[in-house]
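Let us walk through a protein model step by step. Keep the sequence and the 3D view side by side.

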Amino acid sequence: MIDIVVVLRAEDAVLDFLSVLTDDDGGGGSGGETRVILADRERAETLVLGADLGATERLALVAAHVRPVTEGIASPGPEVLATLLRQAAAGGPFRIWTHSPADTRRSRGRLGRDTALARAADARLAEAELRHAVGFSPYLQILSDLDRSLGREHIAAKLDFVNGACGHLLAEPDPEFVVQTPHVPAVERFFDTDPEQRERLFALLASLDDEAASVVDPWEFGSSPYEARRLDATAAWVRDRCAGEGSGSGSGSGSGGTLVEVGACEGALTHRLAAAGFTVRATEPNAVFRPRLTAALAGTEGVTVDGAGLAELAKEDGPRATAHLLIEMLYYGQDLALLDDLATDLVFVALEPEALVSRVRPWLERSTTWRADEETVLVPPQLETVCAGRAYLSKRGSVGLLLRRTNG
């Protein structure tokens, strides 16, 4: 049995997989041979750590391949990885170890996912067991299936490796590649996962790009009790505060008035707003989410869907809406000055408390266009399981801020 360790960079093999590299039976009778695939697309190669090499020799061989940080470090993709895996397996029985798809360092998370995709797409590779290292995961607690506590000798070897081969990475400014205490675990934890959990773990750690949309409902709005409470509270807040706020704004408005929901995702909040009697323009600039939004809201009376983002909405010269809704979407560096040009006198903002303080409060203090009419806790923080119970995390709560135009 050959153990194949697939990592982005050489140091990863020691930081997260030292117990695999130095365990004589490889965690289950391998006979001691390990092959390390250094999978950076710019310089992919395989190191063969023969059974005759001791731990010191193995770490020295890996250390010789630690490189400076350069641009373009990334996974080579599933097809290249499948070829590398077949070559490393050499026709014999083997087991695969790689990064977690939920590793917060996105380059590693992508490689972990790509390795699993490569294995699943090849009948020969699909026979092999695959384990993901929990790795660097400050936001998720992942339930592991195999934990290996390192003894003092192994910890000393790991620290010597870091200080000797990775000294330049201790001061590396890029958070993707810096090596700090949390990146050097004393207990190496591994887990198995099925394709659906893997994809959800990967999407959960994405931002608002297409990778976040790689699964339906990546933030589990449709199944999470916390998210259901948050969405219900948000819809009730909007309904109560919009009562009497110009139900005739715009043509064809419902009994609650007209709303523009910016970043409607897949329509979880939109459904609630439409049920409350609002006419809703649901906008979603993400080209992957938007067809799902359109399908989810098909036939819903009083709802239209388009792809306008905040910047596009600020440029429009259309009828004024009762309110614009910026619900859990001001996390990504948007220019808040765009709010000044929205065709409304009311803006509902909802964010986790820390983001509200750091992102919105300083801007609002300088604004001569908007004032805060109300601040309310929509839902408090809560710990909750995600990805079918494979992990859990802290949902940070949501605070609503109602902004009213001062010169409207």
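Of the 408 residues of the chain, 51% count as buried. Buried means under 20% relative accessible area, exposed means over 50%, and partly exposed lies in between (1.4 Å probe, protein chains only). This is a predicted model, where local features need pLDDT of at least 70 and side-chain atom pairs count only at pLDDT 80 or more, while totals for chains, interfaces and linings use all residues. Residues are numbered from 1 along each chain as its sequence is written, and side-chain values use heavy atoms, with hydrogens and water left out.

Start with the overall layout. The C-alpha trace of the chain spans about 80 × 45 × 35 Å along its principal axes. The chain has 13 helices and 17 strands. These are DSSP runs, numbered from the N terminus: helices are H or I with at least four residues, strands are E with at least two.

Now go inside. The structure holds one cavity of 30 Å³ or more. A cavity is a set of points, on a 1 Å grid over the protein atoms alone, where a 1.4 Å probe fits but cannot get out. Grid points are joined across faces, edges and corners, and the volume is the space filled by probe spheres set on the points. The largest cavity contains about 70 Å³ of space. By class, the lining has four nonpolar, one polar and six charged residues. Here Ala, Val, Leu, Ile, Met, Phe, Trp, Tyr, Cys and Pro count as nonpolar, Asp, Glu, Lys and Arg as charged, and the others, Gly among them, as polar.

Next, look at two loops. Most residues other than glycine have a negative phi. A90 has a positive phi, near 55°. A90 sits in the loop between α4 (78-89) and β4 (94-98). E220 also has a positive phi, near 60°. E220 belongs to the loop between α8 (195-204) and α9 (225-242). E220 is buried, because its relative accessible area is 10%.

Finish at strand β15 (residues 382-386), where L383 is found. L383 counts as exposed because its relative accessibility is 59%.

Methods: On a 1 Å grid over the protein atoms alone, a cavity is a set of points where a 1.4 Å probe fits but cannot get out, and a pocket is an open set with protein on both sides within 12 Å along at least five of seven lines; lining residues have an atom within 4 Å of a point.
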